[in-house]
Amino acid sequence: MRIPAHSVCTAIRDDIVAGVYERGGRLTEELLARRYGVSRVPVREALRTLEAEGFVVTRRHAGACVAEPTEQEAADLLEMRMLLEPLGAARAAQRRTEAHLKVLRGLVRLGQERARRGNSEDLRSLGGWFHETLAQASGSPALTSTLAQLRHKIAWMYAVEAPANPVESWAEHGGIVDAVARGDSDRARTITALHTERATAAHRLRFPGGPAGAERADRVRTSQHHVNMTGPRL
């Protein structure tokens with residue numbers, strides 16, 4: 001049974017984002033194939049995709065290696081997201097379906113409930129699902145794919161502080177959904193722009209050699225898994 005390359009790609013990307021592989025470290029096909037329980041063919045295809053996405057670079061005499069983004073490249077990602085998230089919200093106000101609205105409203109209800117309880121871990125996951133669903137509601141596969149890639153890269157390069165006022169943050173999420181439900185593109189764009197700007201201020205660059213270094217080393221020692229053969233992880 002041939003494992004889809006996109007499943008292998010997702011697994012490798014997730015581990016890069018999680019810090020399992022150090023920036024600049026080599027990614028050999030043989031070791032990756034053994035780690036994920038697949039042949040070298042899907043690994044080779046996955047590495048090509050990850051190189052196109054900017055997670056991997058090919059170096060002379062070294063082969064595939066984890067990329068080492070500069071601070072400027074990292075800053076550009078945040079700026080791109082600040083431009084594209086509001087655009088996605090404006091498009092969602094024009095193109096959303098009732099199914100999108102149902103999911104968005106459900107996430108806001110859960111988020112507001114968790115915010116009142118102060119459960120930060122749940123809020124992080126719910127926030128990711130909210131923005132992913134909002135992007136899907138834009139009706140633009142290209143925009144959805146670009147925003148998803150930006151989120152992956154930003155999670156790789158930045159640590160994010162919990163919102164000082166999570167209740168207020170989820171009130172903003174609710175305001176975005178209200179504007180999207182009314183079809184008010186300008187309002188959806190404005191609230192999302194303010195929300196994204198505030199969220200951006202909580203991002204801090206991850207630097208090699210800091211406290212995360214020991215955590216990364218521990219993950220390398222303990223993490224060993226096979227690719228999910230039923231399909232890509234979301």
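Before going on, a word on where the numbers come from. This is a predicted model, in which local features need pLDDT of at least 70 and side-chain atom pairs count only at pLDDT 80 or more, while totals for chains, interfaces and linings use all residues. Residues are numbered from 1 along each chain as its sequence is written, and side-chain values use heavy atoms, with hydrogens and water left out.

Back to helix 3. It covers residues 40-53, which is 14 residues, and reaches 20 Å from its first C-alpha to its last. That is close to the 20 Å expected at 1.5 Å a residue, where the expected span is 1.5 Å times one less than the number of residues. Just after helix 3, G54 takes a positive phi of about 95°.

Zooming out, the protein has 10 helices and four strands. These are DSSP runs numbered from the N terminus, with helices being H or I of at least four residues and strands E of at least two. From the N terminus on, the order is α-α-α-β-β-α-α-α-α-β-α-α-β-α. Buried residues make up 43% of the 234 residues. Among contacts between residues at least 6 apart in sequence, 75% join residues at least 24 apart.

Now for the aromatics. Rings of Phe, Tyr and Trp (its six-membered ring) pair if their centres lie within 6.5 Å; planes under 30 degrees apart count as stacked, over 60 as edge-to-face and the rest as tilted. By this rule there are two aromatic pairs. In one of them, the rings of F55 and W156 have their centres 5.3 Å apart and their planes at 35°, so the pair is tilted. F55 lies in the loop between helix 3 and strand 1 and W156 in helix 7, so the pair ties together parts that are 101 residues apart in sequence. F55 is buried at 0% relative accessible area, and W156 counts as buried at 3%.

The rings of F130 and W170 have centres 6.2 Å apart and planes at 75°, so that pair is edge-to-face. It links distant parts of the chain, with F130 in helix 6 (residues 120-136) and W170 in helix 8 (residues 166-182), 40 residues apart. Both F130 and W170 are buried.

V108, in helix 5 (residues 98-117), brings us back to that pair. Leaving aside neighbours within four places in sequence, V108 is in contact with F130, W170, H173, G174 and V177. V108 counts as buried at 8% relative accessibility.

Last, the cysteines. C9 is buried at 4% relative accessible area, and C65 counts as buried at 2%. The structure holds zero disulfides, a disulfide being a pair of cysteine sulfur atoms within 2.5 Å.

Notes. Buried < 20%, exposed > 50% of the residue type's maximum accessible area, 1.4 Å probe, protein only. Contact = heavy atoms within 4.5 Å.
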